[in-house]
Amino acid sequence: MYRNQRTVIESAASLLCRKANEDMNYWLMKTEPAVFGIADLKARRDQTEHWDGVRNYEARNLMRDRMRPGDQAFLYHSSCAEPGIAGIVSISRAAYPDFTAWDPTSDHYDARSTPERPLWYMVDVRFEREFPRVISLKELKSEPRLQGMRVLRRGNRLSITEVVPEEWHLILGLLD
DNA sequence: GCCAACGTTGGC
DNA sequence: GCCAACGTTGGC
């Protein structure tokens, strides 16, 4: 009961915050569903998880300098049978040091990063919505008004990219 | 600072 | 499994 009430209150607060925030940004975040997909996030306690393992400076800078709580992001499934956008997550915590970089047993260990001088950062994301179907990469590529999207560029490898509001709403419209 | 070699990403 | 494209590393 307490959990439900808190969730409702937080959702309302998040909405209010979003409406008041002119600088809200939209994002696209890539993940391999075999490792951690939208279904995994949905199943997490509080449907929230930290987004660890980003080891690219440009993506780190976007998280650290531009992402704000209340921002929304498409969750993109890559390296799978049907690459595409599987749903929406929200940013629930601003960037903080990625502690997996300090763990020698982690796949993402990086000896250059320390608690005193963190090199890598992560945010927390919360499940918002799973689409009734994946909006495939093929479908995104076939839409002329989306050709500017960085994720569609040939050879793109950046795991976090910005989505402009026009693209965001157009993509949501593809579901109808 | 240049740039070749390397490891990784990710669609196909 | 293939391979193009990319970011990073390290020799010079």
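**Close-up views of a predicted protein–DNA model**

**View 1. Ser 90 and its side-chain partner.** The side chains of Ser 90 and Glu 128 are joined by a polar contact of 2.6 Å. The model shown here and in the other views is predicted. Ser 90 belongs to strand 4, which covers residues 84–97. Ser 90 counts as buried because its relative accessibility is 5%, and the cut-off for buried is under 20%. When neighbours within four places in sequence are left aside, the contacts of Ser 90 are Asp 71, Gln 72, Asp 124, Val 125, Arg 126 and Glu 128.

**View 2. Protein residues around DNA strand B.** The residues that surround DNA strand B are Lys 30, Tyr 76, Ser 78, Ser 79, Pro 83, Leu 137, Lys 141, Asn 156 and Arg 157. Of the atoms of DNA strand B that come within 4 Å of the protein, 82% are accounted for by sugar and phosphate. By class, this surface has three nonpolar, three polar and three charged residues.

**View 3. Polar atoms at DNA strand B.** Ser 79 places a polar backbone atom 3.0 Å from a phosphate oxygen of DNA strand B. Arg 157 has a polar side-chain atom 3.1 Å from a base oxygen of DNA strand B.

**View 4. Protein residues around DNA strand C.** Asn 56, Tyr 57, Arg 112, Arg 154, Gly 155 and Arg 157 surround DNA strand C. Sugar or phosphate supplies 71% of the atoms of DNA strand C within 4 Å of the protein, and bases supply the rest. A phosphate oxygen of DNA strand C lies 2.8 Å from a polar side-chain atom of Arg 154. The surface near DNA strand C is made up of one nonpolar, two polar and three charged residues.

**View 5. The largest pocket.** The volume of the largest pocket is about 630 Å³. Its lining has 20 residues, and those nearest its centre are Lys 30, Thr 31, Asp 52, Gly 53 and His 108. Two or more lining residues come from each of strand 1 (26–31), helix 2 (33–36) and strand 2 (48–50). The lining divides into five nonpolar, seven polar and eight charged residues.

Conventions: Residues are numbered from 1 along each chain as its sequence is written. Chains are lettered from A and ligands numbered from 1 in the order in which they are written. This is a predicted model: local features need pLDDT of at least 70, side-chain atom pairs count only at pLDDT 80 or more; totals for chains, interfaces and linings use all residues. Side-chain values use heavy atoms; hydrogens and water are left out. A residue is near a molecule or strand if one of its heavy atoms lies within 4 Å of it. A polar contact is a pair of N or O atoms within 3.5 Å; within protein, one must be able to donate a hydrogen and the other to accept it, and residues adjacent in sequence count only if both atoms are side-chain atoms. Ala, Val, Leu, Ile, Met, Phe, Trp, Tyr, Cys and Pro count as nonpolar, Asp, Glu, Lys and Arg as charged, and the others, Gly among them, as polar. On a 1 Å grid over the protein atoms alone, a cavity is a set of points where a 1.4 Å probe fits but cannot get out, and a pocket is an open set with protein on both sides within 12 Å along at least five of seven lines; lining residues have an atom within 4 Å of a point. Grid points are joined across faces, edges and corners, and a volume is the space filled by probe spheres set on the points. Helices (H or I, at least four residues) and strands (E, at least two) are DSSP runs, numbered from the N terminus. Buried means under 20% relative accessible area, exposed over 50%, partly exposed in between (1.4 Å probe, protein chains only). Contact means heavy atoms within 4.5 Å.
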